[in-house]
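Here are some notes to read beside the model.

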Amino acid sequence: MYPTLPSMFVSNNACSVPSSFWLTGIPGLESLHMWLSIPFGSMYLVAVVGNITILAVVKTERSLHQPMYFFLCMLAVIDLVLSTSTMPKLLAIFWFGACSIGLDACLVQMFFVHCFATVESGIFLAMAFDRYVAICDPLHHTSVLTHAVVGRLGLAALLRGVFYIGPLPLLIRLRLPFFRTQIIAHSYCEHMAVVTLACGDTKVNNLYGMGIGFLVLILDSIAITASYIMIFRAVLGLSTSDARFKTLGTCGSHICAILVFYIPIAVSSLTHRFGHNVPSHIHILLANFYLLIPPILNPVVYAVRTKQIRERLLHIIKSGTQHKDM
């Protein structure tokens, strides 16, 4: 049976300084939490295994030590952090009713979720730049995208995420010490889900959150789109259709990964902003899916569409089978 709320978490509409919060999991579907743990646990396991496999394959295969695959490894690490920031706690809620989370732990979780989503967007932007140089200026690709430059681009994406998202939990900690209730109607400490519970003026928090969303999602997607417009113009200038098809094929995995990342976020954001008649559990499920779908599909997309990774995986599988038969 799903646990009842302790009296310390029950709201009486009086503002107080909380030491912890109570996450409800998927509100409205409490009776199904044990069943929901099966698909969520399975998806998390697939995400962890898939991304660790990508990291292992790129590390062991020297022919994959190229900018595109280094960026793919960065995506794998980010996806592991994103999914691990939320899924273990969600599964603990499903399995054990472990809904309580300390205030500092809640703010740390908030930081990791929003920070690494921002970092992932930055890595996609860096990958678009890599594809642009590879196709529009192929003779200088190796000299422009050196290992040091790739490392700096990854570090820049990380620092941008920390710089953008760092103030979010700090603004809550410093500006909003009092809360009407300690019950967060969500499965993790999402920024707006926490801010809406606070007493006092939340305008600064709301405006900052919306501003960061604009800077990251809108500007990054515009920059990526501009890169691909220039890429497509260069591809259309190629002499044969085979050359055009082969060149576009090198961008296919990246385009699929971008769509996998941005579409769930866009759907979740639009539903949250404008879907006022949408049940709350749909909002929460969408918010969890956009943290799970990219970590699951990114390894699949690159394993299926990238010949070198696919061949290396098949070689590992064959070697393991032959070793068992001996």
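**Notes on the predicted model**

1. Start with Ala-98. Neighbours within four places in sequence aside, Ala-98 is in contact with Lys-89, Ala-92 and Ile-93. This is a predicted model. Ala-98 sits in the loop between H2 and S2. Is Ala-98 buried or partly exposed? Its relative accessible area is 31%, so Ala-98 counts as partly exposed. Trp-22 is 76 residues away along the chain, yet the two C-alpha atoms are separated by 8.9 Å.

2. Now the pairing itself. Strands of a sheet pair through backbone hydrogen bonds, in either the parallel or the antiparallel sense. Strand S1 (residues 20–23) pairs with S2 in the antiparallel sense, over 3 bridges. Ser-20 stands opposite Gly-102 in S2.

3. Look at the two faces of S1. In a regular strand, side chains alternate between the two faces of the sheet. Which residues of S1 lie on each side? Ser-20 and Trp-22 are on one side, and Phe-21 and Leu-23 are on the other. All of these are buried, and both faces of S1 are covered.

4. Next, the nonpolar cores. In soluble globular proteins, nonpolar side chains tend to be buried together. The largest nonpolar core here has 50 residues. Ile-123, Phe-124 and Ile-309 have the most contacts inside it. Helices giving two or more residues to this core include H1 (33–60), H2 (67–96), H3 (103–136) and H5 (147–165). H8 (203–236), H9 (241–274) and H10 (280–305) are also among them. Which element gives the largest share of this core? It is H3, with 13 residues.

5. Take Ile-309 by itself. Residues up to four places away in sequence are not counted here. Ile-309 touches Ile-54, Val-57, Leu-64, Tyr-69, Leu-72, Tyr-302 and Ala-303. Another core, of 20 residues, lies apart from the largest one. Leu-23, Ile-101, Leu-107 and Val-195 are among its members.

6. Leu-36 is in helix H1. Is Leu-36 buried or exposed? Its relative accessibility is 16%, and buried means under 20%, so Leu-36 counts as buried. Beyond its neighbours within four places in sequence, Leu-36 is in contact with Ile-26, Leu-29 and Phe-94. Ala-193 is 157 residues from Leu-36 in sequence, and their C-alpha atoms are 21 Å apart in space.

7. Rolling a probe the size of a water molecule over the atoms shows where empty space is left. The second largest pocket has a volume of about 400 Å³. Its lining has 18 residues. The closest to its centre are Met-68, Tyr-69, Arg-131, Gly-249 and Thr-250. H2, H3, H9 and helix H11 (307–325) each give two or more residues to this lining. The largest share of the lining, 5 residues, comes from H9.

Definitions and conventions:
Residues are numbered from 1 along each chain as its sequence is written. This is a predicted model: local features need pLDDT of at least 70, side-chain atom pairs count only at pLDDT 80 or more; totals for chains, interfaces and linings use all residues. Side-chain values use heavy atoms; hydrogens and water are left out. A nonpolar core is a set of buried Ala, Val, Leu, Ile, Met, Phe, Trp, Tyr and Cys residues joined through side-chain atoms within 4.5 Å. Buried means under 20% relative accessible area, exposed over 50%, partly exposed in between (1.4 Å probe, protein chains only). Helices (H or I, at least four residues) and strands (E, at least two) are DSSP runs, numbered from the N terminus. Contact means heavy atoms within 4.5 Å. Two strands pair if DSSP finds at least two bridges between them. On a 1 Å grid over the protein atoms alone, a cavity is a set of points where a 1.4 Å probe fits but cannot get out, and a pocket is an open set with protein on both sides within 12 Å along at least five of seven lines; lining residues have an atom within 4 Å of a point. Grid points are joined across faces, edges and corners, and a volume is the space filled by probe spheres set on the points.
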